[in-house]
Amino acid sequence: MLLGVDTHKHIHAAAVVTTLGAVLDGRSFPATIDGYRQLVAWARSFGSLRRAGVECTGSYGAALTRHLRAEGIEVTEVNQPDKAARRRHGETDAVDAEAAARAVLSGRATATAKTSDDPVEMLRLFKLAKGSAIESRTQAINQLKSVLVCADAELRESLAGLRSPKLFQQCAALTEPEISGPAEAARHTLRLLARRIQRLTEEINDLTKRITETIKATTPDLLDVHGVGPDSAAVLLISAGDNPGRLGNEVSFAALCGASPVEASSGKTQRRRLNRGGDRQANAALYRIVLSRLRWKGRSQDYLRRRLAEGKTKREIIRCLKRYVAREIYRLIVPTNTAANDTGPARDAA
């Protein structure tokens, strides 16, 4: 027996399907702790429940996923229903819940859901807050410099030539004027924006420190890898999740990061191209690591020259290097006993 759940903010639609594909029942439950208990009790009233397919396990279904796992139920992450099937059968919560169960039953959905209950979830929250703080600080900096351009000449000249940290410090120290016109309003605005920038900078520094401490406590060797900083390490750990063993092998991790090669051969042309799927933030992290190595690491520079001589383009070489980095990162973030059983290919991804 399988359980399928279509999750929403306030209501979760559930359906129970037998291993032969027959639908036993469907019902909706509130997205509360009592609703989760009712859902599990209802599903188990039909028999033994070992597996469940849940949509949106990283958002609306995150809390339900944790509850199901605590009940000893294996949760499989289900993407949105097949578009062709949706066109044939229409779209309702009940249909989507049934489709989630059938996706697990047919083997179309095989990815184990992230647990989201350990240090990697802490990293995700810290990165979320840091990203919004950086965005807000950038906006405040642009606004401050825009206001400064239009400020009165005396104030503008007194702040001319200052580097950004000193400029923000000087603007924050401006005395609060008695506002009687645009000149005083500009001074007041510069003072407010500069203080906002300073507060956001302190917030960003604090979050960076917490991210670094969390990474060192969970995967200390990751920050020792050439080109890997706290932000890139956090993105890669978040992509793998709190239970990276769910990936199976380093090939799956490379595919998750969009670093696995995709066949693009035709006729006499035999080649592989970039993978435009996967987690694009994780792919961007691998790209930054590769660029750092190409700039500073002699071994990567030698590899670049050798592959250029073989006729590869720089873009293809960077793709190959991202694949190598993904393999190296995987062996650090996955438990040793899991990595030891990795049967994925270790050959050149080019």
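Which residues do ring pairs link into a cluster? I found that Phe29, Trp42 and Phe46 are joined in this way. I took rings of Phe, Tyr and Trp (its six-membered ring) as paired if their centres lie within 6.5 Å, with planes under 30 degrees apart counted as stacked, over 60 as edge-to-face and the rest as tilted.

**Entry: model and confidence.** I note that the model is predicted: local features need pLDDT of at least 70, side-chain atom pairs count only at pLDDT 80 or more, and totals for chains, interfaces and linings use all residues. Residues are numbered from 1 along each chain as its sequence is written, and side-chain values use heavy atoms, with hydrogens and water left out. I looked up pLDDT (the predictor's confidence in each residue, from 0 to 100). The protein averages 86, and 92% of the residues score at least 70. Residues 337-341 stay under 50; I found three contacts (heavy atoms within 4.5 Å) for them beyond four places in sequence. Residues 343-350 are also below 50, with 25 contacts beyond near neighbours in sequence.

**Entry: aromatic pairs.** I counted four aromatic pairs by the ring rule. Phe253 and Tyr330 form a tilted pair, 6.1 Å centre to centre with 40° between the planes. Phe253 lies in helix α10 (residues 250-256) and Tyr330 in helix α13 (residues 314-333), so this pair ties together parts 77 residues apart in sequence. I took helices (H or I, at least four residues) and strands (E, at least two) as DSSP runs, numbered from the N terminus. Both Phe253 and Tyr330 are buried, where buried means under 20% relative accessible area, exposed over 50% and partly exposed in between (1.4 Å probe, protein chains only). The ring centres of Tyr303 and Tyr324 are 5.8 Å apart and the planes stand at 85°, so I list that pair as edge-to-face. Tyr303 is buried at 9% relative accessibility, whereas Tyr324 is partly exposed at 27%.

**Entry: nonpolar cores.** I defined a nonpolar core as a set of buried Ala, Val, Leu, Ile, Met, Phe, Trp, Tyr and Cys residues joined through side-chain atoms within 4.5 Å. The largest has 40 residues, and Ile215, Leu236, Phe253, Ile329 and Ile333 have the most contacts inside it. Helix α13 gives the largest share, nine residues. I checked Leu236, whose contacts include Phe253, Ala282, Ile289 and Ile333. Another core, of 19 residues, lies apart and includes Val5, Leu49, Leu64 and Leu68.

**Entry: helix α2.** In α2 (residues 62-70) I found Ala62, Leu64, Thr65, His67 and Leu68 buried. Their cover includes β1 (2-7), α1 (33-44) and β5 (74-78).
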